[in-house]
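Student: I've got a model open and would like to talk through one of its helices and the sheet around it. Can you take me through it?

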There are 2 protein chains.
Amino acid sequence: MMINRLTSEERASELADLRGWQAVAGRDAIQRHFRFADFNEAFGFMARVAIKAQEMNHHPEWFNVYNRVEITLSTHEADGLTSRDIELARFIDSIAPGPLSA
Amino acid sequence: MMINRLTSEERASELADLRGWQAVAGRDAIQRHFRFADFNEAFGFMARVAIKAQEMNHHPEWFNVYNRVEITLSTHEADGLTSRDIELARFIDSIAPGPLSA
C-alpha cells in the first residue's frame, strides 16, 4: 500500500496530540524515551509494542538497556513520518506509564 | 556480588571462543550484529535473551529494527567486560541463527 508522508500541518497537529514525542534531528522521524521500574517492566512493554507492530506490519526502531527504552518511529517506504507512525505512537502512549516516563 | 573485569589475557582467550563478537571502540564492551528472517524471528530471539538476562540479573544494551538486532555487552558495576558478559554471550551464540547472522 502506498502511503504518503504527513504534510507539515498534519505533522504539527498530530504531534500536539501525542505525549512526549520529539522530532529527531536530521530525520523525518519522532522519538520518545521511556523509563520503567526495572527490566521486567521495560521488556513487558516492548512485548506489547512488538505484538501491535506485527499486527500493523509497521515496526519501531528501538533501543533498550535495563529499565530504559528509546523508540524511534518513521516509515521506511515513505522515507518519513506517516499516519502509521502516529497510529503506533498513539498505541504506545496508551500503554506507557504516566509519571515515570521521560 | 563484586565482579572483576577480565584481564587482557582472559579477554582475548574468551573472545576467541565466541562467534562474531567484536570489541566496541572506546569502551570495554563487546558487540554482535544479528540478522533474522523477519521481525517475528528477531523479537522471538530477543525474548529468549531477555528471559536469560533476567535469570542472570545481567542485561544487554540492544537495538532492534525489523529483522536486525545489535547487542552490546558490558558490566556496569565493573565498568567493563566480565565473566558475566561472556556467559551471556555464550548463551546468545547458542540460540543465534548460524548462516544468517552478521
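Student: How far does helix α2 of chain B reach from its first C-alpha to its last?

Tutor: Bear in mind that this is a predicted model. The helix covers residues 39-56, which makes 18 residues. At 1.5 Å a residue you'd expect 26 Å, and the computed reach is close to that: 25 Å.

Student: Which residue caps the N-terminal end of α2(B)?

Tutor: Look for a side-chain oxygen by the backbone nitrogen of Asn40(B). The two atoms lie 3.3 Å apart, within the 3.5 Å cut-off for a polar contact. The oxygen belongs to Asp38(B).

Student: Which elements of chain A do the buried residues of α2(B) pack against?

Tutor: The buried set includes Phe39(B), Phe43(B), Met46(B) and Val49(B). Within chain B, the buried residues pack against β2, β3, β4 and α3. On the chain A side, the partners are α2 (39-56) and β3 (61-65).

Student: Which strands are the edge strands of the sheet?

Tutor: Follow the order of this open, antiparallel sheet of eight strands: β1(A)-β2(A)-β4(A)-β3(A)-β3(B)-β4(B)-β2(B)-β1(B). An edge strand pairs on one side only. That gives β1 (22-23) of chain A and β1 (22-23) of chain B.

Student: At what angle does α2(B) run to β3(B)?

Tutor: α2(B) lies across β3 of chain A as well as β2, β3 and β4 of chain B. Relative to β3(B), the angle is about 165°.

Technical notes
Residues numbered from 1 in each chain as written. Chains lettered and ligands numbered in written order. Predicted model: local features only at pLDDT ≥ 70, side-chain atom pairs only at ≥ 80, totals over all residues. Heavy atoms only, no water. Helix = DSSP H or I, 4+ residues; strand = E, 2+ residues; numbered from the N terminus. Expected span 1.5 Å × (residues − 1). Buried < 20%, exposed > 50% of the residue type's maximum accessible area, 1.4 Å probe, protein only. Contact = heavy atoms within 4.5 Å. Polar contact = N/O pair within 3.5 Å; in protein donor to acceptor, adjacent residues only side chain to side chain. Pairing = 2+ DSSP bridges. Axes fitted to C-alpha atoms, helices over the stretch in contact; angles between N-to-C directions.
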